[in-house]
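Here is a friendly briefing to keep beside the structure as you browse. Take a look at the model first, then work through the points by topic.

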Amino acid sequence: MTHKRCTVIAALSLLFLAAPLAAHHSFAAEYDITKPVKLHGAITKVDFVNPHAWVYVDVKDADGHVTNWHIELGSPNALFRLGWKKDAVPVGLEVDIVGYRSKLGEAVANGASFILPDGHVLSTGGSAPANSKPEAKN
Amino acid sequence: MLRLPGKSSGVQRIAAILISAWLGSLIPAGGQAPAAAHAPPRGTALPRTPDGQPDIQGIFVRRGIWGLADDQREANGPRGKEDPLEDDEYSEIPDNPKPWYQGSGKNFSQGGSGSGRVTLVGPGPVEPRRLGLVDPPDRILPWRPEEDKKRREFLMHTNPPASLRYVEFDARCALPGLFLNGGPFEFIQTPQKVVILSEYQHYTRTIRLDGRPHVGSGIRLFMGDSIGHWERNTLVVDTANFNAFTAFTRTIPYLSDALHTIERYTVSDPNTIDYEVTVDDPKLFTRPWKTAGLYRKGKDFEMAEYACAEGSQELVNMFGKPPRQ
């Protein structure tokens with residue numbers, strides 16, 4: 001996968017999110033648009049459940065302390081129609097995740113995109129507002 | 001009426017009358033818009049079911065009805081301009097030259113707990129549509145002032161919710177009412193009913209066509225009780241018996257049990273339904289108002305299960321873990 005193709009895929013992912021979204025709850029009821037997060041870690045669990053799929057990630061901080069983050073995605077139906085396969089983010093995979101932190105301050109975030117080790121960007125189909133475009137690359 | 005050149009025989013006159021009547025039946029009767037604006041393209045005969053109803057069947061997505069933000073009073077939130085009521089999440093007024101609903105093969109996408117990608121089939125309407133609030137003409141929602149004040153005060157406590165009372169109904173996996181849903185919707189017809197299946201929250205809505213009246217006023221429902229009839233190519237649906245647990249958008253967070261709606265589903269072409277709903281809630285508004293939307297058919301789409309209670313973490317995300325698991 002070339003860098004150029006990844007950029008195109010990333011751009012296309014954002015284009016699909018450019019349409020106004022419908023969700024079963026307001027994004028702002030749970031997540032803070034002013035608190036974007038960029039995480040790097042290994043997947044520990046993937047749960048394809050309604051109303052939101054969840055991916056769990058072990059994130060190590062500078063002191064070596066590990067926190068298991070909970071990342072909210074779109075519904076499983078949305079993910080499969082956006083091209084996710086069941087093993088898209090297998091347990092053990094090291095990924096970068098861009099999203100928005102929970103308003104409770106917990107290690108919980110609304111995931112906007114996943115960047116895989118090969119640079120491929122996966123849109124999460126999540127409920128982040130369409131006009132927010134967190135940086136997909138460091 | 002069709003006029004034939006020259007002198008015509010009785011048979012020819014009868015044929016002219018029949019042809020005129022047939023041509024007239026192709027023009028749908030849409031809400032307030034002129035019929036010609038929603039007429040099917042020349043040469044397109046709308047399909048019918050075996051019992052003669054205009055065929056409205058298929059899987060569709062809907063957008064447009066939430067476009068309420070022309071009015072600055074509606075656009076400004078409880079804290080004024082800094083806290084807009086209608087954010088991009090629900091801003092539906094199309095402002096680009098190529099509306100989402102025109103063109104086949106386009107990908108309509110709903111994120112959050114929505115359906116994800118749906119590929120639109122068929123060219124869709126040729127002329128652009130006015131979507132969102134269409135009546136009153138000044139596009140200012142006719143709130144009762146004291147009710148507008150109450151809902152703005154209510155909204156101050158919703159993000160994040162101060163208590164369970166301020167949590168959106170469908171965030172608790174309740175049925176979403178008529179408005180909090182962009183589809184996909186599957187329309188199925190029988191001679192006695194039109195049935196709308198919704199993937200979101202996995203519900204069935206039945207519109208009776210058999211002329212029976214509404215159920216008794218003591219019966220209160222999330223989706224209301226719907227009775228319908230056809231006016232040429234428009235399905236007119238009268239819905240009453242709502243409970244007090246539905247909302248219109250995130251920023252109209254509740255409607256009352258006095259709600260009564262009239263929906264008009266106009267089959268404009270085999271892949272397009274022009275939609276208009278009259279919202280009549282006399283407890284909240286001084287008069288009824290109307291908003292317009294559009295349904296477009298999806299290609300090769302399979303409805304899937306959506307069981308909200310399967311893994312909902314909303315209340316934990318809002319209020320934290322309970323003391324005992």
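## Trp54(A) and its surroundings

Setting aside residues up to four places away in sequence, Trp54(A) touches Asp47(A), His70(A), Ile71(A), Glu72(A) and Leu73(A); a contact here means that two C-beta atoms, placed from the backbone, lie within 7 Å. This is a predicted model, in which local features need pLDDT of at least 70 and side-chain atom pairs count only at pLDDT 80 or more, while totals for chains, interfaces and linings use all residues. Residues are numbered from 1 along each chain as its sequence is written, and chains are lettered from A and ligands numbered from 1 in the order in which they are written.

- Trp54(A) has its place in strand S2 of chain A; helices (H or I, at least four residues) and strands (E, at least two) are DSSP runs, numbered from the N terminus.
- Why does Trp54(A) count as partly exposed? Trp54(A) falls in that class because it has 17 C-beta neighbours inside 10 Å.
- For burial, the cut-offs are 20 or more other C-beta atoms within 10 Å of a residue's own for buried, 12 or fewer for exposed, and in between for partly exposed, with C-beta atoms placed from the backbone.
- Trp54(A) and Ala109(A) are 55 residues apart in sequence, and their C-alpha atoms are 10.0 Å apart in space.

**Layout of chain A**

- Chain A holds three helices and six strands, and from the N terminus on its elements run α-α-β-β-β-α-β-β-β.
- Of the 138 residues in chain A, 44% are buried.
- Among contacts in chain A with a separation of 6 or more, 57% link residues 24 or more positions apart.

**Strand pairing in chain A**

- Strand S1 (residues 31-47) of chain A pairs with strand S4 (residues 94-102) of chain A in the antiparallel sense, over eight bridges; pairing requires that DSSP finds at least two bridges between two strands.
- In that pairing, Tyr31(A) stands opposite Ser102(A) in S4(A).
- S1(A) also pairs in the antiparallel sense with strand S2 (residues 54-60) of chain A, over six bridges.
- Here Lys45(A) stands opposite Tyr56(A) in S2(A), and a hairpin of six residues joins S1(A) to S2(A).
- In a regular strand, side chains alternate between the two faces of the sheet.

- Chain B has four helices and 12 strands.
- Buried residues account for 39% of its 325 residues.
- In chain B, 60% of the contacts with a separation of 6 or more are between residues 24 or more positions apart.
- The largest nonpolar core has 43 residues, of which Ile56(B), Phe60(B), Phe187(B), Val194(B), Ile273(B), Tyr275(B) and Tyr295(B) touch the most other members.
- Strand S1 (58-63), S5, strand S6 (193-198), strand S9 (234-240), strand S10 (260-269), strand S11 (272-280) and strand S12 (289-297) of chain B each supply at least two residues of this core.
- Apart from that core lies another of 25 residues, including Ile71(A), Ala78(A), Ala109(A) and Ile115(A).
- A nonpolar core is a set of buried Ala, Val, Leu, Ile, Met, Phe, Trp, Tyr and Cys residues joined through C-beta atoms within 7 Å.
- Beyond its neighbours within four places in sequence, Ile273(B) is in contact with Ile56(B), Phe60(B), Tyr265(B), Thr266(B), Val267(B), Ser268(B) and Tyr295(B).

**Backbone details to look up**

- The peptide bond from Asn50(A) to Pro51(A) is cis, with omega near -5°, and Pro51(A) is found in the loop between S1 and S2 of chain A.
- Asn159(B) and Pro160(B) are also joined by a cis peptide bond, with omega about 0°; Pro160(B) lies in the loop between helix H3 (145-155) and strand S5 (185-190) of chain B.
- Arg139(B) is not a glycine, yet has a positive phi of about 60°, and lies in the loop between strand S4 (132-135) and H3 of chain B.
- Cys173(B), not a glycine either, has a positive phi of about 70° and sits in the loop between H3 and S5 of chain B.

**Confidence**

- The model scores ipTM 0.79 and pTM 0.83.
- Chain B averages a pLDDT of 83, and 79% of the residues score at least 70; pLDDT is the predictor's confidence in each residue, from 0 to 100.
- Over residues 1-5 of chain B the pLDDT is below 50, and this stretch has eight contacts in the model beyond near neighbours in sequence.
- Residues 23-37 of chain B also stay under 50 in pLDDT, with 32 contacts beyond four places in sequence.
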